[in-house]
Amino acid sequence: MQPSVIDWNDRKHKYGHLSDSASQYQEAADILELGHFTWDKYLKETCSVPAPVHCFKQSYTPPSNEFKISMKLEAQDPRNTTSTCIATVVGLTGARLRLRLDGSDNKNDFWRLVDSAEIQPIGNCEKNGGMLQPPLGFRLNASSWPMFLLKTLNGAEMAPIRIFHKEPPSPSHNFFKMGMKLEAVDRKNPHFICPATIGEVRGSEVLVTFDGWRGAFDYWCRFDSRDIFPVGWCSLTGDNLQPPGTKGKGLSI
C-alpha cells in the first residue's frame with residue numbers, strides 16, 4: 001500500500017496554538033471521526049480512559065514532517081543495528097517516513113518517526129568517525145559497494161539538516177496501567193496505526209492489544225517504544241487511524 005502525502009501545514013495551523021498538551025490531545029480525540037468511530041464516543045462506550053501523554057516517549061507537540069519522496073538520509077539498518085546505511089524516503093504519512101535502504105528491496109522497507117535518533121542527515125556518520133555500510137542482504141557484490149555509494153549519492157536530493165528533529169526524552173519510568181487506551185502501530189502491517197489497549201504491564205514492558213481483534217496482532221514492547229502514541233495523535237498529525245476490528249471482542253463502534 002502506498003501511503004498518501006499529508007499536508008502538515010493545515011494540521012499545524014489548526015492545532016499549533018494549543019498550549020496545554022492534554023487539551024491538545026483531547027480536542028484531537030474529540031474531532032477524530034472515521035465512519036462512525038470517534039474516540040470521545042468510544043471511550044464512553046467502553047468506560048475507558050486514555051493513557052496520559054506523559055506515559056509516552058513522543059513529543060508533546062507532534063513534529064512537522066517536511067521530508068519529501070526520494071530524499072536521501074542516513075539510517076540505522078533495522079536488521080543489523082550496528083550498521084549505518086543510505087536510505088531513501090519512499091513514503092510519507094503523518095509524522096512518519098517509509099524508508100528503503102539503498103541496495104535493498106521493497107520487502108525490507110521500514111517506518112521511522114521524523115524525530116527518531118535512528119535517522120540522520122547525510123554526512124553525520126563520517127563526521128562522527130564512522131563509515132557507511134551496505135545494508136544486510138546487499139544485492140550486489142560487496143566489492144562494488146564504494147562505486148554503488150558514489151552513484152546513488154551523485155545528484156541525489158539530500159534531506160536538509162533543518163528538517164530533522166531531536167528525539168524526545170524517555171519517561172522516567174513505566175506509567176502505563178492495564179486498560180488504558182492508546183494508538184499503536186500494527187507491527188504486522190506497519191503502515192497502519194490502530195486503537196489499542198494496555199493488556200498487561202510487566203516491569204519496563206507493556207502488552208499492546210488491538211481493539212476488536214483476537215490477539216494475533218498483539219505484541220510486547222518497552223514503555224518508551226516509538227510505536228505507541230497518545231489518543232488523538234493521528235488526528236494531530238494527519239495520519240490515518242484505522243477503526244477497531246470486529247473480531248473476538250464484541251466492541252461496538
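This is a predicted model: local features need pLDDT of at least 70, side-chain atom pairs count only at pLDDT 80 or more; totals for chains, interfaces and linings use all residues.

Me: Which sheet contains β1 and β2, and in what order do the strands lie?
Reply: They belong to an open sheet of 5 strands, in the order β4-β3-β2-β1-β5, with antiparallel pairing.

Me: Why are β4 and β5 called edge strands?
Reply: β4 and β5 (119-120) each pair on one side only. For β4, the partner is β3: 4 bridges join the two, which run antiparallel. Arg 96 stands opposite Leu 113 in β4.

Me: Are the faces of β4 covered or uncovered?
Reply: Both faces are covered. Phe 110 and Arg 112 on one side, and Trp 111 and Leu 113 on the other, are all buried.

Me: Where is Asp 109 found, and why is Asp 109 called buried?
Reply: Asp 109 is in the loop between β3 (96-101) and β4 (110-113). The relative accessibility of Asp 109 is 16%; buried means under 20%. Asp 109 therefore counts as buried.

Me: What makes the approach of Asp 109 to Arg 98 a polar contact?
Reply: The side chains of Asp 109 and Arg 98 are joined at 3.0 Å, and the cut-off for such a pair of N or O atoms is 3.5 Å. A polar contact of 2.8 Å also links the side chain of Asp 109 to that of Arg 100. Leaving aside neighbours within four places in sequence, Asp 109 is in contact with Val 90, Arg 98, Leu 99 and Arg 100.

Me: Which residues have the most contacts inside the largest nonpolar core?
Reply: That core has 47 residues, and those with the most contacts inside it are Phe 67, Leu 73, Leu 97, Leu 99, Phe 176, Val 208 and Ile 228. A second, separate core of 7 residues includes Ile 86, Leu 132, Leu 149 and Leu 153.

Me: Which residues does Leu 97 contact beyond its neighbours within four places in sequence?
Reply: Among them are Asn 65, Phe 67, Leu 73, Val 89, Phe 110, Trp 111 and Ile 119.

Me: What is the strand order of the open sheet that includes β9 and β10?
Reply: This open sheet of 5 strands has the order β9-β8-β7-β6-β10, with antiparallel pairing. The edge strands are β9 and β10 (228-229), each of which pairs on one side only.

Me: How do you know that β7 and β8 pair?
Reply: Strand β7 (residues 193-202) and strand β8 (residues 205-210) run antiparallel over 6 bridges; since at least two are required, they pair. The bridge partner of Val 201 is Val 206 in β8.

Me: Why is Arg 222 called partly exposed?
Reply: Arg 222, which lies in strand β9 (residues 219-222), has a relative accessible area of 41%. Buried means under 20% and exposed over 50%, with partly exposed in between; Arg 222 is therefore partly exposed.

Me: What does Arg 222 touch, not counting residues up to four places away in sequence?
Reply: Arg 222 touches Ser 204, Glu 205, Val 206 and Ile 228. A polar contact of 2.9 Å joins the side chains of Arg 222 and Asp 224. Arg 222 and Asn 174, 48 residues apart in sequence, are 8.6 Å apart in space, C-alpha to C-alpha.

Me: How many disulfides are counted, and why is Cys 85 too far for a bond?
Reply: The count comes to 0 disulfides. The sulfur of Cys 85 is 9.2 Å from the closest cysteine sulfur, in Cys 125, whereas a disulfide requires sulfur atoms within 2.5 Å. Likewise, the sulfur of Cys 194 is 8.7 Å from the closest cysteine sulfur, in Cys 234, and so is too far for a bond.

Me: Why are Cys 85 and Cys 194 placed in the buried class?
Reply: Cys 85 has a relative accessible area of 0%, and Cys 194 stands at 11%. Buried means under 20%, so Cys 85 is buried and Cys 194 counts as buried.

Notes. Residues are numbered from 1 along each chain as its sequence is written. Side-chain values use heavy atoms; hydrogens and water are left out. A nonpolar core is a set of buried Ala, Val, Leu, Ile, Met, Phe, Trp, Tyr and Cys residues joined through side-chain atoms within 4.5 Å. Buried means under 20% relative accessible area, exposed over 50%, partly exposed in between (1.4 Å probe, protein chains only). Contact means heavy atoms within 4.5 Å. A polar contact is a pair of N or O atoms within 3.5 Å; within protein, one must be able to donate a hydrogen and the other to accept it, and residues adjacent in sequence count only if both atoms are side-chain atoms.
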